[in-house]
Amino acid sequence: MELLTFDEAVKRTDGQKRHLILGNGFSIACKPNIFHYDTLYNQADFNGCANVERVFEKLGTHDFELVIDALEKASLVAPIYGNEFVELINILETDATALKHLLVDTVANNHPARPNDITDKEYKACRIFLSNFLNEDVCQRCSVYTLNYDLMLYWALMYENEFESFKLTFNDGFNNEFIGFDDSVDGAIFSPDVTWQGETQSHKQNIHYLHGALHLYDEGDQLTKYTWKNTGVALTEQARYSIENGFFPLFVSEGSSYKKKEKILHAAYLHKAYRSFVSNTLVNGATFFTYGYSFSENDDHISHRIGDGKCKAIFVGIYGDPNEDRNKKIIDKVRAISEMRNTKYPLDINFYDAESAKVWG
């Protein structure tokens, strides 16, 4: 199997519309001691759900989503065996919900505290990587789709560097809502809250958090983005305060692909992001790059859209030896996706060395 360098993969797609899918490997590449499931598991406080910790041990995994899926499936099939399991079903459902909250809480508590915990060198390298998708001089109307909950992408986008030789053009769909004009202050008035402008500005959006994020909060009638600029308080501190007071960010932490898609379709922001992704998979000349994306079964709602689509090609980042079991699984899954295609729209599959992208330097 030919393993390209990232630069070779980019050159092959010069002049094409290319989009980027980011998986957990994007954050792990910068902070491996924080974002691995093993690390999250070791840092999680299971005092409120002791049974769940034993489920992890029984299944021999530290994967939160796998355990959530197991609990949800157990609660689904238990009624078949009799009404006497009603209490058990309630416990399983309660534990599944508690584990989702624990995952959010653990991510927030173990997240880098401040943007300056990442070095200038790391930010600069990341922005160079992103410029292949968000620099309109080389890629017009291209999008980045991330499955990550953390703030790493957001921080990289917010990093200001006046010496860059390129300009990143990005829009996450959030802004201060226009309220009206006030002659007394000689200008327009905007809401102090940064909210998703889904009804007015989302057509310009090219940054999509497909599974939500730590800084996005559903407040009923609006989706609010926490920002440092308007408060002077670190985003991680804002997130921790909200979680401690019973308010959770917009997160898709369901255990199965079906459950994830179900939640996505019932949240306006997530649904719009997903529709954008699906729409781009149906563009015949489009190309997708993946970085840090493992093509796991619980993300089939993403992977299968590429298989059902018309996009021209996919370039998949492979970290390490392609013959390692984890990479063989990715390669087999990508090939299976290509076989889903209508013969009128074959999918050109390519693999590149993820380390050569030097995403964080």
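## The disulfide

The structure holds one disulfide, a term used here for a pair of cysteine sulfur atoms within 2.5 Å. This is a predicted model, in which local features need pLDDT of at least 70 and side-chain atom pairs count only at pLDDT 80 or more, while totals for chains, interfaces and linings use all residues. Residues are numbered from 1 along each chain as its sequence is written, and side-chain values use heavy atoms, with hydrogens and water left out.

So who are the partners? Cys-139 is joined to Cys-142, with 1.8 Å from S to S. The disulfide is left-handed, because the torsion about the S-S bond of Cys-139 and Cys-142 is about -95°. Both Cys-139 and Cys-142 are buried. Buried means under 20% relative accessible area, exposed means over 50%, and partly exposed is in between (1.4 Å probe, protein chains only).

## Cysteines without a bond

Cys-30 is in no disulfide: its nearest cysteine sulfur belongs to Cys-126 and is 7.9 Å away. Cys-30 has a relative accessible area of 9%, so we call it buried.

## The loop around the bond

Arg-141 lies in the loop between α8 (120-134) and β3 (144-146). Take a look at the backbone of Arg-141: phi is near 55°, a positive value in a residue other than glycine. Arg-141 counts as exposed, at 64% relative accessibility.

Lys-358 has a positive phi too, near 45°, and again this residue is not a glycine. You'll find Lys-358 in the segment after β11 (348-353). With a relative accessible area of 56%, Lys-358 is exposed.

## The whole chain

Now zoom out. The chain has 14 helices and 11 strands. Its radius of gyration is 21 Å, close to the 21 Å that the globule rule gives for 361 residues, so the chain is as compact as a globular protein of that length. That radius is taken over C-alpha atoms, and the globule rule is 2.2 Å times the number of residues to the power 0.38. Along the principal axes, the C-alpha atoms fill a box of roughly 65 × 65 × 40 Å.

How much of the chain is buried? Of the 361 residues, 51% count as buried. The accessible surface comes to about 18,100 Å², and 49% of that belongs to carbon and sulfur atoms. These areas come from the Shrake-Rupley method with a 1.4 Å probe, and for residues only the protein chains shown count as cover.

Contacts tell you about the fold as well. Here, contact means heavy atoms within 4.5 Å. Among contacts between residues at least 6 apart in sequence, 74% join residues at least 24 apart.

Ile-314 lies in strand β10 (residues 313-318) and is buried, at 2% relative accessibility. Leaving aside neighbours within four places in sequence, Ile-314 is in contact with several residues, including Phe-288, Phe-295, Ile-306, Val-334 and Leu-347. Ile-314 and His-19 are 295 residues apart in sequence, but 9.5 Å apart in space, C-alpha to C-alpha.

Ala-9 belongs to helix α1 (residues 6-12). Ala-9 is buried, with a relative accessible area of 0%. Not counting residues up to four places away in sequence, Ala-9 touches Leu-4, Phe-289, Phe-315 and Tyr-352.

## Out on the surface

Leu-76, Val-77, Ile-80 and Tyr-81 form a nonpolar surface patch with about 490 Å² of accessible area together. Patches are made of residues with over 30% relative accessible area and no salt bridge, with like charges joined within 9 Å and nonpolar side chains (Val, Leu, Ile, Met, Phe, Trp, Tyr) within 5 Å. A salt bridge is a side-chain nitrogen of Lys or Arg within 4 Å of a carboxyl oxygen of Asp or Glu. Ile-80 sits in the loop between α6 (64-77) and α7 (86-110) and is exposed, with a relative accessible area of 66%.

Asp-38, in helix α4 (residues 37-43), counts as partly exposed at 46% relative accessibility. The C-alpha atoms of Asp-38 and Glu-164 are separated by 36 Å, and these residues are 126 apart along the chain.

Technical notes. Helices (H or I, at least four residues) and strands (E, at least two) are DSSP runs, numbered from the N terminus.
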